[in-house]
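Subject: Structure handover

Hello,

Here is the structure I promised to pass on. Please open it alongside this note; my findings follow below.

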Amino acid sequence: VTGVQTCALPIFMASGTLTLSHYIPGIEKYFENYKDIVWFHNLKECIALINYYLQHKEEADEIGENGRQKVLQYHTFSHRVRELIAIVDGLKVSLV
């Protein structure tokens, strides 16, 4: 996964609560900002987002649930294992 530096993010998102994260280059390939997750670029933006979502709980809950659904549909460990198996199978074919 290019750019995404942690496997913890999908674990947090699978909880179904709003996940607020620093921006990780490449994350937009997998998740949509303000739909599945909310990311920030600096501390000032982070604080503003925290204050906003504390006042807009329904919106935070909706984003949290969207993130949970996206993770369960596309980003579980089972998904990654299947991808690795497909890569290894592809390598076997190219070596023959």
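The largest nonpolar core has eight residues: L9, M13, I24, I27, F31, I37, W39 and V71. A nonpolar core here is a set of buried Ala, Val, Leu, Ile, Met, Phe, Trp, Tyr and Cys residues joined through side-chain atoms within 4.5 Å. Buried means under 20% relative accessible area, exposed means over 50%, and partly exposed lies in between (1.4 Å probe, protein chains only). A second, separate core has seven residues, including C46, L49, A60 and I63. As a general point, nonpolar side chains tend to be buried together in soluble globular proteins.

This is a predicted model: local features need pLDDT of at least 70, side-chain atom pairs count only at pLDDT 80 or more, and totals for chains, interfaces and linings use all residues. Residues are numbered from 1 along each chain as its sequence is written, and side-chain values use heavy atoms, with hydrogens and water left out.

Now the overall layout. The protein has four helices and two strands. Their order from the N terminus is α-β-β-α-α-α. Helices (H or I, at least four residues) and strands (E, at least two) are DSSP runs, numbered from the N terminus. Of the 96 residues, 26% count as buried. Take the contacts between residues at least 6 apart in sequence: 45% of them join residues at least 24 apart. Contact means heavy atoms within 4.5 Å.

Back to W39. Neighbours within four places in sequence aside, W39 is in contact with S21, H22, Y23, I27, E28, F31, E32, N33, E45 and L49.

Next, helix 2. Its 13 residues (43-55) should span 18 Å at 1.5 Å a residue, and the end C-alpha atoms are 19 Å apart, which agrees. The expected span is 1.5 Å times one less than the number of residues. Which residues of helix 2 are buried? They are C46, L49 and Y53. These cover an arc of only 65° around the axis, so they sit on the same side of helix 2. The arc is that of the directions from the helix axis to the C-beta atoms. K44, L54 and Q55 are exposed on the other side. The buried residues pack against strand 1 (20-22), strand 2 (38-40) and helix 3 (57-74). N42 caps the N-terminal end of helix 2, with a side-chain oxygen 3.2 Å from the backbone nitrogen of K44.

Two aromatic pairs are present. Rings of Phe, Tyr and Trp (its six-membered ring) pair if their centres lie within 6.5 Å; planes under 30 degrees apart count as stacked, over 60 as edge-to-face and the rest as tilted. Y52 counts as partly exposed because its relative accessibility is 33%. Y53 is buried, at 7%.

- T19 lies between helix 1 (8-13) and strand 1. At 6% relative accessibility, T19 counts as buried. Beyond four places in sequence, T19 touches L9, F12, M13, I37 and V38.
- H75 lies between helix 3 and helix 4 (77-95). At 14%, H75 counts as buried too.
- Y34 lies between strand 1 and strand 2. Y34 is partly exposed, at 43%. Its phi is near 70°, a positive value in a residue other than glycine. Most residues other than glycine have a negative phi.

Best wishes

Conventions:
Polar contact = N/O pair within 3.5 Å; in protein donor to acceptor, adjacent residues only side chain to side chain.
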